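Dear colleague,

I am handing over the structure that we spoke about, and my notes on it follow below. Please read them with the structure open beside you.

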Amino acid sequence: MEQTYKMIVDPMLAEMGKNLNEAMKILEDGQREVEEKRRYSRRDIPGPLQGGGQDVASILQLVQNLMHGDEEEESQGHRRMQNVGEQGHMALLGHSLAAYISVLDRERLRKLTTRILSDTTLWLCRLFRYENGSAYYHEDDREGLIKVCRLVIHSRYEDYTTEGFTVLSTKQPVVYQSAACRPGLGQHLCSQLGLPLSSLCTVPCNTMFGSQHQMDVALLDRLIKDDIDSGKLPLLLIANAGTPGAGHTDKLGRLKELCDQHSMWLHVEGVNLATLALGYVTATSSVMAATKCDSMTLTLGPWLGLPAVPAVTLYRHEDPALSLAAGLTSSQPVEKLRALPLWLSLQYLGHDGIVERIKHASQLSQRLLDHLKKLTSIKTSDDLDMQMSLLEALTMVEDEINSPVVVFRFSQETSEASSSGSVQGYSGGDREVQDALNRWLGEQLAHLVPASGVDVVELEDEGTCVRFNPLMTAAVQGTQEGDVETLVEKLGQMVPLLSSTLRLRQDFREEVYRHAALTYIEDLSWPGLGIIRYEPSSDELDVSKRQQEVEKINCNLLKKLQELETDLTFSTGPEFGEEKHCVFVGMATEDLDVAELADTIAAMGREIEESGKLLENMTEVVRKGILEAELQLQKANEEKLMEEGVLRQIPLVGSVLNWFSPVQSSVKGRTFNLAAGSLDSTDQTYSMKVQAVRGTPPATPTSSATKRLPGQKLFRRTGAGSDMPSETSSVGQPEEMETELVQCPAPEVTPEVPPEVTPEVPPEVTPEVTPEVTSEVTPEVTSEPTEEPVPEPIVEPGTQPEATQPEVERQIEEKQPELEVQETQQEVSVR
């Protein structure tokens, strides 16, 4: 190619050819690179994985954004991150060390994991008084029960390893659990083991004697005997040392005897197992019997405030081969590293630190329980009064020291539900109403005092309650005694609010029924005074239009109610509630005037409805007024044409003619009265310097709430609120003066003025002598004498008094010669 260029005589052409060849090579190389990239690249690879990877800083920034990206949304709620202290840092360090240790050589890894596992198991068995036990570490707190149940199946069915599930058909295994166990625990166990749901037997709790949250031992004995007689094999019993709801402990001693009698396995779980680490728990305590059970599950993470640590199941079994077959032990050293975070954290805390955290939680619950006993209308889990119904108070926990779970509930006698009137038809829903109030109470306490960790729990017999479980929340949330004091203070402020709301709820319902336009919505799940809806009076609309009208009126009514200065809250209710287009009235104070509240809501609804009708009629009135104005303007133009003549309408001729002989044409204005719907002339307005009132619009309905004194909130009974002004206060003086002015009727203004009373005055004089008249105090002037007294005009400071009729006539006579001279001069100039 070089020789070819040399043969070309013209050097310019040779240079162009060379450059073109280089450009083609560059394009071919680029195309080849693109084809290679397309060959080794895939379009389905996600964006973060494309290319050569990202640096550590970018990845950590992404993690930070994912963790704190919704801080604004979460700040509106009451969510709190776990209080990660130094002991939590040790637990997090354990996960990193476990990944690092796993790369060691096999022999060194085996020795290290064996040491970590044996130390942690020994420490836990000594701390919780479980001698000669083994430990299984698992992430899911239900996984230990599943492995234990599989161990029992292997031990009770000898051929299960070879025959499998066919062996179970000879004798169907039965697993017993309390009715107060965690929801779904038995179903999850059966699904993981491949057992039918018929293998699960739920034992009811006590109904006559003892706690209503403890398993009925006598009934369990009968159920076991019936299953044995029917050819079934009782396999395992799940007991509670602290039920998930109320924190009650089953009679573990009697249950252990019953299990030994029928060769059953006893498994215990619950928060009260943490109290085994306390030194003052005696052997006579009910929770001490858990140390004799066959297995127990400990959740050390929430108890000690350790993040991401596994749960531990302690068990006793002599055959290691069956334990290996059941999955309780493993030959893989890496799986033994699950205990490393606990191994580090337990050493960091020490025995004193572990006991101190559990003891602190028990003291918090005891402190709260002491305060709750002093509050009226609050029933706690420590109340036991034979004169009270079982539905009104929770029964006493068997061992107060070893039950750090406090459950309380707002409860009020049905006879106190209404301050007046009948409560017939109300007591039937008293349970549902109080459940709604307790649900609201728990949510408010959790929102106002998030560090307390209180939540709402649904109990079968007691209903909705508020639960304080410091063993599960105190170490995580960092709860202190000050938080308990704040919780009691907020609770003391809410109890009167709940009592007054429950007492006035029926009264408000009866007041609403007295208004035909208001509809009371029965919703026992609403924690407030009630739910109402304003119904328009017109029945001529169809269903769709009426529904739109109801939605519009109630929406505007809610906005107006929310603008009022009152302690009540008005809202649209729950987001996914069944009732729509309603006004939900919130909690009520004891000095609330429910009659005034109902009257105000009815008056506001009526005002909104009438204003809506006025706006609808306004369109037709304005349209007719515009048509009438167009006709009158057209008529005025025709009259002007007849008066001035045709010549004056020609542009050039009209200008010359108007210059020689000007015409004083009178322009007639028009005013449209929206209240009367009429089109009037403005002659009277310009002559009297005041706009005449033709017809008075109907008075807008207002409620009695507008007559309140300044500084007093609405819907308060007279003399009930602390913000009522005293009798000697000067707050009421402006209202008295305003009342006097309102009681004085404003004189009417007649559009016709007699010529003998109001003489014609030239325009130059009228502004100087015409008295300034306001629409509020304009005297009524008629041709016939009237006996009504005319109020004297009010003279404001700094202004001149208005001229009277004799003074006006005298000033006109004095100006008459000057006016005649001016008229003569005008005539001469025109000529």
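The model is a predicted one, in which local features need pLDDT of at least 70 and side-chain atom pairs count only at pLDDT 80 or more, while totals for chains, interfaces and linings use all residues. Residues are numbered from 1 along each chain as its sequence is written, and side-chain values use heavy atoms, with hydrogens and water left out.

A second open sheet is formed by seven strands in the order β1-β7-β6-β5-β4-β2-β3, and here the pairing is mixed. At its edges stand β1 and β3 (200–203), each with a single partner strand, so one side of each is left without a neighbour in the sheet. Neighbouring strands of this sheet are turned by 20° against each other on average, direction ignored.

Within this sheet, strand β4 (residues 233–240) pairs with β5 in the parallel sense over five bridges, and Ala239 has Val268 of β5 as its bridge partner. On pairing with strand β6 (residues 295–298), β5 is again parallel, over three bridges, and Glu269 stands opposite Thr297 in β6. Is β5 itself buried or exposed? Five of the five residues of β5 (residues 265–269) are buried, so this strand is largely enclosed by the rest of the structure; buried means under 20% relative accessible area, exposed over 50%, and partly exposed in between (1.4 Å probe, protein chains only). Trp265, His267 and Glu269 point one way from β5, whereas Leu266 and Val268 point the other way.

Two helix pairs may also interest you. Helix α10 (residues 217–229) and helix α11 (residues 252–261) pack at an angle of about 15°, with their axes 11 Å apart, and they are therefore roughly parallel to each other; angles under 35 degrees count as roughly parallel, over 145 as roughly antiparallel, 65 to 115 as roughly perpendicular and the rest as oblique. In their contact, which means heavy atoms within 4.5 Å, Val217, Leu220, Asp221 and Ile224 of α10 meet Arg254, Leu255 and Leu258 of α11.

Helix α7 (residues 143–156) and helix α9 (residues 185–193), by comparison, pack at an angle of about 55° with their axes 10 Å apart, and are therefore oblique to each other. Leu145, Ile146, Cys149, Arg150 and Ile153 in α7 meet Leu185, His188, Leu189, Gln192 and Leu193 in α9.

Asn132, in the loop between α6 (106–127) and β1 (134–138), has a phi near 55°, a positive value in a residue other than glycine, and is exposed, with a relative accessible area of 74%. Ser263, in the loop between α11 and β5, likewise has a phi near 55°, but counts as partly exposed at 48% relative accessibility. Asn438 lies in helix α16 (residues 430–448) and counts as buried at 0% relative accessibility; leaving aside its neighbours within four places in sequence, Asn438 is in contact with Arg409, Phe410, Thr464 and Val466.

For the chain as a whole, the secondary structure comes to 25 helices and 17 strands, and 39% of the 831 residues count as buried.

With best regards

How values were computed:
Axes fitted to C-alpha atoms, helices over the stretch in contact; angles between N-to-C directions. Helix = DSSP H or I, 4+ residues; strand = E, 2+ residues; numbered from the N terminus. Pairing = 2+ DSSP bridges.
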